[in-house]
Amino acid sequence: MNLAYRDIKHNLLRFILTNFGLSLLLGIVIVITGVYGGLIDDALRQARAANADLWVVEAGTNGPFAESSRIPGDTRELVSRVYGVERAGAVTYQSVQTELNGKPLRLFLIGFEPGRPGGPRKLVAGREILRSQYEMVVDGSAHLALGQEVPLGTHGHKFTVVGLMRKEVTSSGDPVGYITLRDAQALQFELAPPAERREAARGGSPETSNQINAVIAKVSPYVPIKEVATALARWKHLTTLTQAQQETLLSKFVIEKARNQQRLIMVLLIIVSAVIIALIVYTLTMDKVRSIATLKFVGAPDRTIIGLIVQQALSMGIFGYFLGLALVLIFQPYFPRRLVLDPASVATVFVITIVVCLAASTLGIRLALKIDPAEALAGAG
Amino acid sequence: MAEPDRKAVVRVEHLFKHFGKGTARVDALSDINMEVYPGQVVGLMGPSGSGKTTLLNCIACILEPSSGRLTLDGEVVYDDHWLKADLRRLRLDKVGFIFQFPNLLPFLNGTDNVAVVLDLAGFSSSAARAHAVELLNYLDVGHRKHAMPAQLSGGEAQRVAIARALANRPRIILADEPTAPLDSQRGRIVMDLLRRIAVDQSAAIIVVTHDEMILDRFDHIFRLRDGRLEDGAAAVGG
């Protein structure tokens, strides 16, 4: 006879209401896990989108994501000629903010050379960039429509949205947009007209805009990447990073603080959940003092009493967890940033919930084991 | 009245129980000697604080005596110390207990409140339920087998509690003021029921009571005052 199940069934409404509260708490733990996963995924996505084997950046820098990197535009041609490099593409990265329909719009713009490595991966609508100027492919989270025009840069050029992507955002949640390298260079390096005029009046030489942030290289499958990296390292004005090094920089250093903050929030939430579960289990046990005393009196062994409490704590955890997960999945599309709930992290939260429930039930078990069977006799003289 | 088989089911010999030490010491039971035989229904009476519940708890193996000897169903269970490690199992096998208040588990229906004892004793779920229904029918409360405790009247709940005490066919039944929450008519019905059980199951029944109205229902009455039996040495009923 499952006493825990009978007790839950008898107090079903109380069980559901208690668990609803618990599910909200566990739901937040799952959300933080999703935000944590999203943060890492979004950060790595930018580097992985380039599908690079090697990143050639400014000497002595960890660019282009961890710190700024500026190298001459012709570096791509140099890199292309190195033995083992199959394809190479120049790229720029920049954050821009503009205003559209009275609302601010932030974008992370990637300038690339169409037909070369570094362009957008998969489009969900529209087409790739075909014209050499003022076309843009952007992530759906920017809420821009195909054909919509977006003013960008100090010259106020309007870029037409020709293609849409999905799940292409930065670690800070900004949508990613792709434009041609030429447009990107103009946006990043060209001066605004008044500043240009002032520079000309001063007699200064016009600054070249033929600069890029990095060169992405695809290495032939028949040549070891390390060998190509060693060859590129001979140029003292450049630094070469492998894809693995780039990902390590992104996941360990660029988002480290945000990751630690989220980890801290998650740990605090788990502690709060444990305390709440422990208090609920303790209160439920307090409500059953007389029943437990009676059970002990009629001969129930401790394992029956422990089973009753542990099973209730686990039921609460399992019910609360799955209800919380269901709520998160239902409301996932409405979250302001991308949640990545991979099965491993979802399973980890489940295991943590079970461990927390078991640990939290010890308070109730302690109380139950202390109950004197003679308490069932209350009222005798 | 049942003719007692001369082998006592409950034998208490020179039982002492005190609480505290030194000047704070309270002698709750002093030199208690009593025997109860199969088929007997005996009363344990006395004013509040006389030691009735302490004695009942000692016989139920809930409370450890300070010294003496206790024999239940022919087995010495206490001889200046417990001789059995698992006292709960001992209670489950040998003792049925009827509380002053029914103490039914509020989350189980009538049948399951009885079946839970059999379940603990290792009966299969179906056998436990079948036997529980039999007992409820025997106590004329079978028609309430699906009712939850909150839906039962005081008399019905007490009958279910009695059925639970009988579930494992114990040789010893201890009842702590079983008629206290009932009116006199229902109290007499419960006592008649206990008498029937004592005879049918050849059990020894000890009833703690203050109720003078049911004195005629006992084979023998043990009176306690200040932790001592008033009639001194072993009082044998019959």
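**Exercise 1: the two domains of chain A**

With 48 Å between the C-alpha centres of domain 1 of chain A and domain 2 of chain A, find which residues belong to each domain and how many residues each gives to their contact.

Before you start: this is a predicted model, where local features need pLDDT of at least 70 and side-chain atom pairs count only at pLDDT 80 or more, while totals for chains, interfaces and linings use all residues. Residues are numbered from 1 along each chain as its sequence is written, and chains are lettered from A and ligands numbered from 1 in the order in which they are written.

*Solution.*
- Step 1. Domain 1 of chain A is made of 3-43 + 257-377, and domain 2 covers 60-236. These bounds come from an automatic or database domain assignment.
- Step 2. Five residues from domain 1 of chain A and five residues from domain 2 of chain A make the contact. Two residues are in contact if their C-beta atoms, placed from the backbone, lie within 7 Å.
- Step 3. Now sort the domain 1 side by class: two nonpolar, no polar and three charged. Nonpolar means Ala, Val, Leu, Ile, Met, Phe, Trp, Tyr, Cys and Pro; charged means Asp, Glu, Lys and Arg; the others, Gly among them, are polar.

**Exercise 2: spread out or compact?**

Check the radius of gyration of chain A and of chain B against the globule rule.

*Solution.*
- Step 1. Count the elements: chain A has 11 helices and 12 strands. Both are DSSP runs numbered from the N terminus, with helices (H or I) at least four residues long and strands (E) at least two.
- Step 2. For the 381 residues of chain A the rule gives 21 Å, but its radius of gyration is 30 Å, well over that, so chain A is more spread out than a compact globule. The radius is taken over C-alpha atoms, and the rule is 2.2 Å times the number of residues to the power 0.38.
- Step 3. Along the principal axes, the C-alpha atoms of chain A fill a box of roughly 110 × 50 × 40 Å.
- Step 4. Over to chain B, with six helices and 11 strands. Its radius of gyration is 18 Å, which agrees with the value near 18 Å for a compact globule of 238 residues. The box for its C-alpha atoms is roughly 55 × 40 × 40 Å along the principal axes.

**Exercise 3: a helix pair in chain A**

How are helix H2 and helix H7 of chain A oriented to each other?

*Solution.*
- Step 1. H2(A) (residues 12-49) and H7(A) (residues 243-254) pack at an angle of about 150 degrees, and their axes are 9 Å apart. The axes are lines fitted to C-alpha atoms, for helices over the stretch in contact, with angles from 0 to 180 degrees between N-to-C directions.
- Step 2. The two helices are therefore roughly antiparallel. Under 35 degrees counts as roughly parallel, over 145 as roughly antiparallel, 65 to 115 as roughly perpendicular, and the rest as oblique.
- Step 3. Ile40(A), Ala43(A), Leu44(A) and Ala47(A) on H2(A) meet Gln246(A), Glu247(A), Leu250(A), Ser251(A) and Val254(A) on H7(A). By class, that contact has six nonpolar, two polar and one charged residues.

**Exercise 4: H3 of chain B and its partners**

Work out how H3(B) lies against H5(B) and against H4(B).

*Solution.*
- Step 1. The axes of H3(B) (residues 110-121) and H5(B) (residues 154-166) come within 8 Å and cross at roughly 25 degrees. That makes H3(B) roughly parallel to H5(B).
- Step 2. Here Gly110(B), Asn113(B), Val114(B) and Val117(B) of H3(B) meet Val160(B), Ala163(B) and Arg164(B) of H5(B). The classes are four nonpolar, two polar and one charged.
- Step 3. With H4(B) (residues 125-138), the axis of H3(B) again comes within 8 Å, and the crossing is at roughly 125 degrees. That makes H3(B) oblique to H4(B).
- Step 4. Residues in this second contact include Gly110(B) and Val114(B) of H3(B), and Ala128(B) and Leu135(B) of H4(B). It has eight nonpolar, four polar and two charged residues.

**Exercise 5: where the chains meet**

Which helix of chain A gives the most to the side that touches chain B?

*Solution.*
- Step 1. The contact takes 21 residues from chain A and 30 residues from chain B.
- Step 2. On the chain A side, the elements giving two or more residues are H1(A) (3-10) and H9(A) (289-297).
- Step 3. H9(A) gives the most, with five residues.
- Step 4. The chain A side divides into 10 nonpolar, seven polar and four charged residues.
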